[in-house]
Amino acid sequence: MSQPTPAASLSCSALSFSHPDGTEVFDGLSLSVPRGRTGLVGTNGSGKSTLLRLLAGRLHPSAGSVTVGGHLAYLPQNITLDTDLRVEDALGITERRTALRAIEAGDVSEQHFETVGDDWDVEERALATLGSLGLGDVGLDRTAGQLSGGETVLLRLAALLLERPDVLLLDEPTNNLDVFARRRLYDAVESWRSGVLLVVSHDRDLLERVDRIADLRAGTVSWYGGGWSAYEEALATQQEAAGRMVRAAESDVRRQKRELEEAQIKVARRQRHNKKMDAQRRAPRIVAGEHKRSSQEAAGKLRGLHEDRLQEARERLDTASEAIRDDAEIRVKLPRTAVPAGRTVLSVRGLRPRFGTLRDGELHVQGPERVALVGRNGAGKTTLLRTLTGELEPESGEARTFVPLRFLPQRLDVLDDSLSVAANVSRLAPGTTDNEIRSQLARFLFKGARAEQEAGTLSGGERFRAALAATMLAAPAPQLLMLDEPTNNLDLASVRQLTSALGSYEGALVIAGHDLAFLESVGITRWVLVGEELTETTAEEVRELLDPGAAG
């Protein structure tokens with residue numbers, strides 16, 4: 001049960017929670033979130049969204065309690081609004097607007113004054129909040145169905161900000177936001193000055209703007225001051241120290257093994273010597289037996305001492321190893337994916353897709369170029385990719401590819417959930433032997449029995465890796481790879497794995513995305529702004545559009 005208290009605060013005590021199938025998520029978690037801006041990070045499946053839902057009261061713990069001080073507002077990861085819902089309804093100000101209009105028209109009913117309360121400037125505040133989030137041209141009387149997915153997220157955030165919450169919880173708020181909308185959300189986070197803000201995100205630019213990082217791992221939270229860069233630096237220092245401790249512990253284990261072996265050799269020599277001396281002295285059997293028992297007891301004590309020391313050394317090694325993070329990265333070099341520098345890979349002439357704003361697209365990709373498609377929500381980036389792959393027929397113009405092509409959509413629906421990971425790859429690469437498939441899957445971190453896991457049972461990050469493996473390992477080997485918003489819903493470890501995989505890919509890339517940090521990390525060579533036409537631009541110009549003056 002949530003226990004309201006006056007001041008802005010957020011904490012939980014001895015919190016436990018398990019999924020209906022019995023999978024344990026938290027067992028006795030206690031934490032207190034400080035005032036200010038906190039970024040909550042962790043791997044897929046670590047329980048970040050579950051924790052937010054518990055703190056927001058959307059889930060109930062099996063044990064423990066949540067304490068919220070003040071008014072709490074929560075923005076979930078997946079937002080859907082009734083398409084007929086008016087903006088004023090979504091903002092929750094319809095009744096107050098109606099009462100204000102009645103009062104202005106001369107109706108002095110007490111009920112109208114009670115409805116308005118002290119919020120006489122509610123309409124002005126609503127318009128100002130919408131404007132601060134880049135929705136200044138969205139009228140209060142428009143319907144949600146006229147808004148893009150990104151605008152819907154910002155509208156819901158505006159509604160929460162209008163509540164003037166003491167505690168604000170945001171779950172992956174930049175998913176599906178274009179680069180322009182992200183800038184607005186970054187501004188909203190940076191302008192947070194009072195109360196508690198807790199945001200789950202994999203967006204590194206957003207995480208640079210928080211006061212601290214809370215790292216959720218194995219059911220516990222570790223705290224790091226500063227934004228994402230400071231967190232990475234602190235984590236690197238920790239891992240370096242942990243590595244030294246592991247190496248020292250491994251050295252100690254080797255030394256203890258060596259001393260145990262030496263002690264056993266000494267004991268064996270002494271026993272052979274005593275037996276020989278007793279034989280030479282023709283010692284009575286009872287005396288020889290006493291010597292043997294005494295020798296065995298001494299040997300047992302010595303061996304036990306060294307075995308205890310070895311066991312202690314192994315326990316220290318286990319403890320030290322637990323501090324080492326398993327950040328395995330995809331390492332894959334695919335045959336026959338390389339594209340000669342002068343070869344034409346993709347040619348687009350006079351293209352007008354059936355949806356979106358593009359009117360007359362021209363684009364030519366040669367060799368192993370890496371092209372980023374950026375633009376506002378609703379510009380038609382996904383439609384453009386689906387047209388380029390042949391999934392959609394264009395309204396006019398043409399798009400031709402001249403090399404084997406593979407497309408990884410946002411939905412990851414290249415996988416058959418009823419098949420194993422290996423079977424999914426086999427389906428897309430007929431003629432490839434099982435041994436070859438398993439060898440390549442190991443490079444995508446699906447080793448041994450993991451390759452036999454059904455796709456429908458995979459976590460979010462695992463599912464993405466499986467879809468990426470099925471796409472890249474398909475036959476014929478893709479020399480042109482198209483990705484649509486590949487980092488949506490990926491934790492930062494999965495983003496690193498994707499970056500690693502694309503770093504070793506030798507074909508051409510076309511990526512539609514909003515995550516500029518990711519796009520820069522994979523070595524984009526050309527930036528194309530999708531609008532009424534395809535316009536060549538640069539990363540600096542895109543950032544300038546987001547934040548004028550910041551790029552220089």
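Strands here are DSSP runs of E of at least two residues and helices are runs of H or I of at least four residues, both numbered from the N terminus. Helix α11 (residues 381-388) packs on the sheet and touches β11 and β14, its direction making about 120° with that of β11; contact is taken as heavy atoms within 4.5 Å, while axes are lines fitted to C-alpha atoms, for helices over the stretch in contact, with angles running from 0 to 180 degrees between N-to-C directions. β11 and β14 are joined in the antiparallel sense over 5 bridges, and two strands are said to pair if DSSP finds at least two bridges between them.

The open sheet to which these strands belong has 3 strands in the order β12-β11-β14, with antiparallel pairing. β12 and β14 (396-401) are its edge strands, each having a single partner strand, so one side of each is left without a neighbour in the sheet. Direction ignored, neighbouring strands of this sheet are turned by 5° against each other on average. Strand β11 (residues 344-352) runs antiparallel to β12 and is joined to it by 5 bridges, and the bridge partner of Thr344 in β12 is Gln366.

In a regular strand the side chains alternate between the two faces of the sheet. Buried means under 20% relative accessible area, exposed means over 50%, and partly exposed lies in between, with a 1.4 Å probe and protein chains only.

## The six-stranded sheet

A second open sheet has 6 strands in the order β15-β16-β17-β13-β18-β19, and its pairing is mixed. β15 (405-408) and β19 (534-537) stand at the edges with a single partner strand each, so one side of each is left without a neighbour in the sheet. Neighbouring strands of this sheet are turned by 20° against each other on average, again with direction ignored. Within the sheet, strand β13 (residues 370-374) and strand β17 (residues 508-512) pair in the parallel sense over 4 bridges, and Ala372 has Ile511 of β17 as its bridge partner.

## Helices α14 and α15

Helix α14 (residues 460-472) lies across β15 and β16 (480-484), running at about 170° to β15. α14 also packs with helix α15 (residues 492-503) at an angle of about 15°, the axes being 10 Å apart. That angle makes α14 roughly parallel to α15, where roughly parallel covers angles under 35 degrees, roughly antiparallel those over 145, roughly perpendicular 65 to 115, and oblique the rest. The contact is formed by Gly461, Phe464, Arg465, Leu468 and Met472 of α14 together with Ser494, Gln497, Leu498 and Ala501 of α15.

Thr471 is found in helix α14 and is buried, with a relative accessible area of 3%. Not counting residues up to four places away in sequence, Thr471 touches Arg406, Phe407, Leu408, Val414, Pro478 and Leu481.

In strand β7 (residues 167-171), 5 of the 5 residues are buried, so the strand is largely enclosed by the rest of the structure. Val167, Leu169 and Asp171 point one way from β7, and Leu168 and Leu170 point the other way. Strand β6 (residues 72-75) runs parallel to β7 and is joined to it by 4 bridges, with Leu75 having Leu170 as its bridge partner in β7. β7 is likewise joined to strand β8 (residues 196-200) by 5 bridges in a parallel arrangement, and Leu169 stands opposite Leu198 in β8.

Thr152 lies in helix α6 (residues 149-162) and is buried, with a relative accessible area of 11%. Leaving aside neighbours within four places in sequence, Thr152 is in contact with Ile79, Leu81 and Leu147.

## The chain as a whole

The secondary structure of the chain comes to 17 helices and 19 strands. Of its 552 residues, 47% count as buried. Among contacts in the chain with a separation of 6 or more, 71% are accounted for by residues 24 or more positions apart.

## Basis of the values

Residues are numbered from 1 along each chain as its sequence is written, and side-chain values use heavy atoms, with hydrogens and water left out. Because the model is predicted, local features need pLDDT of at least 70 and side-chain atom pairs count only at pLDDT 80 or more, whereas totals for chains, interfaces and linings use all residues.
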